[in-house]
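We will walk from ring to ring and then on to the charged pairs.

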Amino acid sequence: GSEECNDAIIYNVKDKIWYDAGMGEGAQRSSGFTTEVFPTPIWGDWNFSVYFSQAFKVIATPTGQTAPTASQFYLSGNQTTQFAPSSYISFSTNPTDPQYQISTSTFIFNSTIGGAGATKVTLTAPLTATPPVGTYIYGVSGGYGIWQHETGLNKVTLKTEEAVYSSFTTCDLSWVGGNPSSDSSPAVNRRLHLRRVEPDFVWGNGTMDLTVLGRKFAQSPTVVSGPFTFDENTEKIDLRLEYRQLSLKFETNDIDGNYEMGRILITCELGDERP
């Protein structure tokens, strides 16, 4: 039912299994194209990114000028570059609020305005009323991003460089449905007592969080324990947690974050009898 791509179905050739991208940001692309310029595909984003300028205040009509109409207002100084024709303005920094396109912006020199003059801005369509003096105006820029795929480790936008969030969650671990390393059940209806997790990762930067997700029964609410933060120098994470069913969630959201997982070891034992 989606109008735009928001997920991807992936076949893991090595393990011969299917899984999906979980609506990850990298799957939210509308189109892709392989060029002869870049070594990797170029993808179009369907998320609109909005950036706002500093706030400008509407001023009173300068001496000798006509009163503004419902599609006009005056700003102090020469703001013709910031508010150029065809650009957009907004009366708030809420991305969902209306935005208005500028038709013309004209600089008017007037020594009675502190020698700075004023800029008369005209919109392409009239507002319900002329903006009152003191109203804040923001320039709006941005659009739909074009991404060079599989390049670097971060999300690079017009103004920021952000981390790419990553997480994965293991399958359920329990004595009831099978021991932690196989699906064969030891026929013991006991809770699983988790004592230790030994991380095995190779990464380039930052930290990682471990969260334990536990339940009493298959349909019981999930109880969250953690997060327990560790880095590449952490040898073990000692825990004293007990659930009938549990899974381990690993997540990271650091600049230049990248990791490869080896074989994670856990130390567990039989816990209390079932509740």
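Start by selecting F201 and W203: F201 is buried, and W203 is buried too (buried means under 20% relative accessible area, exposed over 50%, and partly exposed in between, using a 1.4 Å probe and protein chains only). This is a predicted model, in which local features need pLDDT of at least 70 and side-chain atom pairs count only at pLDDT 80 or more, while totals for chains, interfaces and linings use all residues. Residues are numbered from 1 along each chain as its sequence is written, and side-chain values use heavy atoms, with hydrogens and water left out.

Rings of Phe, Tyr and Trp (its six-membered ring) pair if their centres lie within 6.5 Å; planes under 30 degrees apart count as stacked, over 60 as edge-to-face and the rest as tilted. The whole structure has 12 aromatic pairs.

Zoom in on F168 and F250, a stacked pair with 5.2 Å centre to centre and 20° between the planes. F168 lies in strand β12 and F250 in strand β18 (residues 245-252), so this pair ties together parts that are 82 residues apart in sequence. Strands (E, at least two residues) are DSSP runs, numbered from the N terminus. Which of the two is buried, and which is partly exposed? F250 is buried at 1% relative accessible area, whereas F168 is partly exposed at 23%. Now go back to F201 and W203, which are also stacked, at 5.9 Å centre to centre and 15° between the planes.

Now for the charges. There are eight salt bridges in the structure, each a side-chain nitrogen of Lys or Arg within 4 Å of a carboxyl oxygen of Asp or Glu.

Select R29 and D45, whose side chains form a salt bridge at 3.4 Å, N to O. R29 sits in strand β3 (residues 29-33) and D45 in strand β4 (residues 42-59), so the pair ties together parts that are 16 residues apart in sequence. R29 is buried at 9% relative accessibility, and D45 is buried at 8%.

Move on to D172 and R215, with their closest N and O atoms 2.9 Å apart in a salt bridge. D172 lies in the loop between β12 (166-169) and β13 (190-198), and R215 in strand β15 (residues 208-215), so this pair ties together parts that are 43 residues apart in sequence. Here D172 is partly exposed at 41%, while R215 is buried at 13%.

Finish at K236 and D238, a salt bridge with closest N and O atoms 2.8 Å apart.

Definitions and conventions: Helix = DSSP H or I, 4+ residues; strand = E, 2+ residues; numbered from the N terminus.
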